[in-house]
Amino acid sequence: SFFRVFRSISLSVMATQPKKRIVVIGAAGNMTSVAVRALVQRFPQHDYLLTDYNLEALRTVHGELTHKAAVRLEALDLYQADLLARAVQGADLVILGAGPFHRTAAIVIRACIAARADYLDIDDDVESTREALLLDGEAREAGVGLYIGCGASPGLTSCLAAELINMCQEVESVEVAWVVGDEGQQKMGRAVLEHVLHIFAGDCATWRHGAPFVAQSFVDSKVLPMGGALGDYRLYECAHPETVMLPVSFPHIRDAWCWGGLNPQPVNGLLMGIARAQQAGKLSADEAVTFIQKMMANESGASFKAWFYAFKGMLGQVWRGENTLSNLLKFLWNASRGKHTVTKAAVLARVVGTQKGRRVELIKRQSSSGNGVFSHMGMATGLAQAAFSVAVLQQKERRVGTIFPEKIASYSEITQEIVRFGYPAETEEPVLVREL
């Protein structure tokens, strides 16, 4: 077929590219393992060092690779400075997939600056994104590029927003939004769940009237036109890095929001209840994470104390008019039988600004359901991570300093790169324009 011929030509061209040394930290993770498989399949000529604290899981990933000759494995505790420094020495690109990033990113960034190795991550924490900005000067001095937040959100959301911002002469506000769907029974890693609890309660760094502003995460909510199977869907303002990144890349933005949430809707209430209880000291971090792990894996033995706060969060949604009682009861009935809904996921950007003297609202979104490439968080984030890595590796000139995804590649360039990995193209929706 034409696709196979095109892919064969693409692989032969890539084989002539200079050999690179790529180090992946957290290579066995749910998201970054997807990136590893895509990169090694398409660029077998590079040298890869795959590291993770879980060597057994790393060997499983290695066993799934089609090309193994240039791939080495190494157990790594990134908190041991000497081992980390040795791992990144001589690397052309270090890819970080090990979270939670508010604990791990700055450590690895500093090691990369010392080794003069370029760095790329899927950081979705505000604190570590700000730390990366503070390290911009040191990175420039060392001649190192720090590519931050190169996943689905931030990453794809950032690129969607940038496309709309660049269509306007003036920008009043920019909003990005994400929805993670029901991905069925699964065992989630602790790092992912620690991040979820981290953003579901507490301070939310955002941008208002051209300056930093602090709101509360998962307090304010809004119905957004997510499209596809989701339709109009209620999401919550959340602590996510886009509201730090976009005003840096586009200083003329007046207001910025990030809205996020899960589907079905009661899951947001459940997580708010657990996260707020943890923040208030009523649940330990271990109790909170273990409870969510058991719920997602449909395991028995979940804490009754945690259940109390989970129900409190879900009923709070109903009390505030953010969900209906019938929707909550349906969710609980399905959960009691271990029944899951069809996966519905989406990302969106909305910009209000001036275009040819007219005040307009621009919307671009990507919705996915069922088994689509973007339906599953791990798949979407991992493939985006791989695609951004390719964009960095193929740059004609090396860039230095802290660089955000909206300044690396366009949304279309990233999605086209994902197709080159051998995944089916998702239909890209056109920009919706409405005059205000």
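Which residues of H12 meet which residues of H13?

Reply: Happy to. This is a predicted model, in which local features need pLDDT of at least 70 and side-chain atom pairs count only at pLDDT 80 or more, while totals for chains, interfaces and linings use all residues. Residues are numbered from 1 along each chain as its sequence is written, and side-chain values use heavy atoms, leaving out hydrogens and water.

From H12, the residues are Glu-287, Phe-291 and Met-295; they meet Lys-305, Ala-306, Trp-307 and Ala-310 of H13 (contact means heavy atoms within 4.5 Å). Sorted by class, this contact has five nonpolar residues, no polar ones and two charged. H13 covers residues 304-319, and H12 runs over 285-296 (helices are DSSP runs of H or I with at least four residues, strands runs of E with at least two). The two helices pack at an angle of about 80°, and their axes are 10 Å apart. H12 and H13 are therefore roughly perpendicular to each other (the word covers 65 to 115 degrees).

H12 also leads us to the second largest pocket, where it is one of the elements that each supply at least two lining residues (a pocket is an open set of points on a 1 Å grid where a 1.4 Å probe fits, with protein on both sides within 12 Å along at least five of seven lines; lining residues have an atom within 4 Å of a point). Helices H5 (101-115), H6 (126-134), H9 (190-199) and H11 (266-279) do likewise, as does strand E8 (203-208). With five residues, H9 gives the most to this lining. In total 24 residues line the second largest pocket, and those nearest its centre are Glu-127, Leu-197, His-198, Ile-199 and Ala-201. The lining comprises 12 nonpolar, four polar and eight charged residues.

Between strand E12 (255-262) and H11, the loop holds Pro-264, and the peptide bond from Asn-263 to Pro-264 is cis, with omega near 5°. Between E8 and strand E9 (211-216), the loop holds His-209; although not a glycine, His-209 has a positive phi, near 50°. There is another cis peptide bond between Ser-153 and Pro-154, with omega about 0°, and Pro-154 sits in the loop between strand E6 (145-147) and helix H8 (156-165).

As for confidence, the mean pLDDT of the protein is 92, and 95% of its residues reach 70 or more. Over residues 1-7 the pLDDT is below 50, and this stretch has seven contacts in the model beyond near neighbours in sequence.

Notes: Ala, Val, Leu, Ile, Met, Phe, Trp, Tyr, Cys and Pro count as nonpolar, Asp, Glu, Lys and Arg as charged, and the others, Gly among them, as polar. Axes are lines fitted to C-alpha atoms, for helices over the stretch in contact, and angles run from 0 to 180 degrees between N-to-C directions. Angles under 35 degrees count as roughly parallel, over 145 as roughly antiparallel, 65 to 115 as roughly perpendicular and the rest as oblique. pLDDT is the predictor's confidence in each residue, from 0 to 100.
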